Amino acid sequence: SKEKSGTYHHFFRSEMSDRSLENIMLENALYKALENEELEIYYQPQIDSRNNQIMGAEALLRWNHPIKGMISPLDFIPIAEESGLIVPIGRWVLLNACKQLKIWHEQGHTDMTVSVNLSGRQFEEDDLLTMIESILSETGLAPDFLHIELTENQIFKNTHFTIDKMKELKMLGVKIALDDFGTGYSSLGYLKNFPIDTLKVDRSFMADITKDKDNAAITSTIIALAQNLGLDIIAEGVETEEQLVFLTAKDCFTIQGYYFSKPLKADALTEKYM
Ligand code: C2E
Ligand code: CA
Ligand code: CA
Ligand code: CA
């Protein structure tokens, strides 16, 4: 019930002493954020650098807090995960991102895809597949336009469970991207067992890529790995012309980053790219 999910519920939680008052207040505010329509999805374009055409967009959640203003997902996603609120919030993001993509398709941009981040907590939910299936049928979106982004750390908690779940997702027809690739602690062997479609090179490797030999080597290796395994590759966090030139020379053409665009409201993206 509502009452149960309100303030009192948290007041007596045993882990309260471990958590900052700030976090507890944020969690309570987050309960209300969804129904108060304080959450909003921004879309960051993924551009084919060969022709500057938009291929897809990543849905990125924003919280417009009435007093604090914009709160970064880096600050509230962990709270949403810890409290379990990420489940209804994540469902809301999926539904609205699919609805938005359907609008773009109806406007004639029929090849466009949308990428949605899935937290480990959502991935573990028993009804994940039913949830996604019902969103696809409600919106009438063909499944292969929906790309689910998972990080290595999220999917490596329980390998057997993970492979099964990923295969079920694939059977629905959605695509799976491995986010922040290269920052996790897992072995590379899983890449051949897991039904992954896309690797996203983490943006930390883009820093100083023309001068930092380690970052250049790591990025080149990840791109070559994806190419040799027949996976798609997206470079994240591309901010400069030098980075773009470096990536283009390695035949990495799908680019997401401030060089092309910050995340935008759907209308702004429509205006800029369509
Ligand atoms: P992420 O999935 O790795 O998303 C990419 C982040 O990099 C976004 O930050 C994006 O704004 C930022 N970014 C993109 N290009 C550039 C660039 O050129 N330079 C720099 N400095 N940054 C760039 P954002 O939107 O703050 O999101 C942070 C993280 O929050 C995301 O990282 C993701 O892990 C999480 N997140 C965001 N939305 C959701 C959501 O709906 N569900 C879940 N579970 N997590 C989300
Ligand atoms: Ca992501
Ligand atoms: Ca990422
Ligand atoms: Ca990240």
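The calcium ion (ligand 4) is coordinated by Asp180 (OD) and Asp180 (OD), at 2.8 to 3.0 Å.

User: Before going on, what kind of model is this?

Analyst: This is a predicted model.

User: OK. Which residue coordinates both the calcium ion (ligand 4) and the calcium ion (ligand 3), and how far apart are the two ions?

Analyst: Asp180 coordinates both, and the ions are 3.8 Å apart.

User: Where is Asp180 found?

Analyst: Asp180 belongs to strand 6.

User: What are the protein donors of the calcium ion (ligand 3)?

Analyst: They are Asp179 (OD), Asp180 (OD), Glu236 (OE) and Glu236 (OE), at 2.2 to 2.8 Å from the ion. Along the sequence, the donor residues of this ion have the spacing D-D-x55-E. Asp180 lies in strand 6 and Glu236 in strand 8 (residues 232-236), so the pair ties together parts that are 56 residues apart in sequence.

User: And the calcium ion (ligand 2), which protein donors does that have?

Analyst: Glu58 (OE), Asn117 (OD1), Glu149 (OE) and Asp179 (OD) are its protein donors, lying 2.1 to 2.3 Å away. Their spacing along the chain is E-x58-N-x31-E-x29-D.

User: Which distant parts of the chain does that site link?

Analyst: Glu58 is in strand 2 and Asp179 in strand 6, and this pair links parts of the chain that are 121 residues apart.

User: Which residue bridges the calcium ion (ligand 2) and the calcium ion (ligand 3)?

Analyst: Asp179 bridges them, and the two ions lie 3.9 Å apart.

User: Switching to ligand 1. How many residues surround it, and which are the closest?

Analyst: Ligand 1 is surrounded by 21 residues, and the closest are Gln44, Arg62, Asp179, Glu239 and Tyr258.

User: How far is an oxygen atom of ligand 1 from an N or O atom in the side chain of Asp179?

Analyst: That distance is 3.0 Å. For the side chain of Asp180, an N or O atom is 3.3 Å from an oxygen atom of ligand 1. The side chain of Arg203 also has an N or O atom 3.3 Å from an oxygen atom of ligand 1.

User: How much of ligand 1 does the protein bury?

Analyst: The protein buries 86% of the 800 Å² that ligand 1 exposes when taken alone.

User: Which pocket does ligand 1 sit in?

Analyst: Ligand 1 is in the largest pocket.

User: What supplies the shell around ligand 1?

Analyst: Strand 2 (53-65), helix 3 (73-83) and strand 6 (175-181) each supply at least two residues. Strand 2 gives the most, with four residues.

User: How do the shell residues divide into nonpolar, polar and charged?

Analyst: The shell around ligand 1 has nine nonpolar, five polar and seven charged residues.

How values were computed: Residues numbered from 1 in each chain as written. Chains lettered and ligands numbered in written order. Predicted model: local features only at pLDDT ≥ 70, side-chain atom pairs only at ≥ 80, totals over all residues. Heavy atoms only, no water. Near = heavy atom within 4 Å. Polar contact = N/O pair within 3.5 Å; in protein donor to acceptor, adjacent residues only side chain to side chain. Areas by Shrake-Rupley, 256 points an atom, 1.4 Å probe, with all protein chains shown as cover. 1 Å grid on protein atoms, 1.4 Å probe; cavity = no way out; pocket = protein on both sides within 12 Å on 5 of 7 lines; lining within 4 Å. Sits in = over half its atoms within 2 Å of the grid points. Nonpolar A, V, L, I, M, F, W, Y, C, P; charged D, E, K, R; others polar. Donors = N, O, S within 2.8 Å, 3.2 Å for Na, K, Ca; no water.
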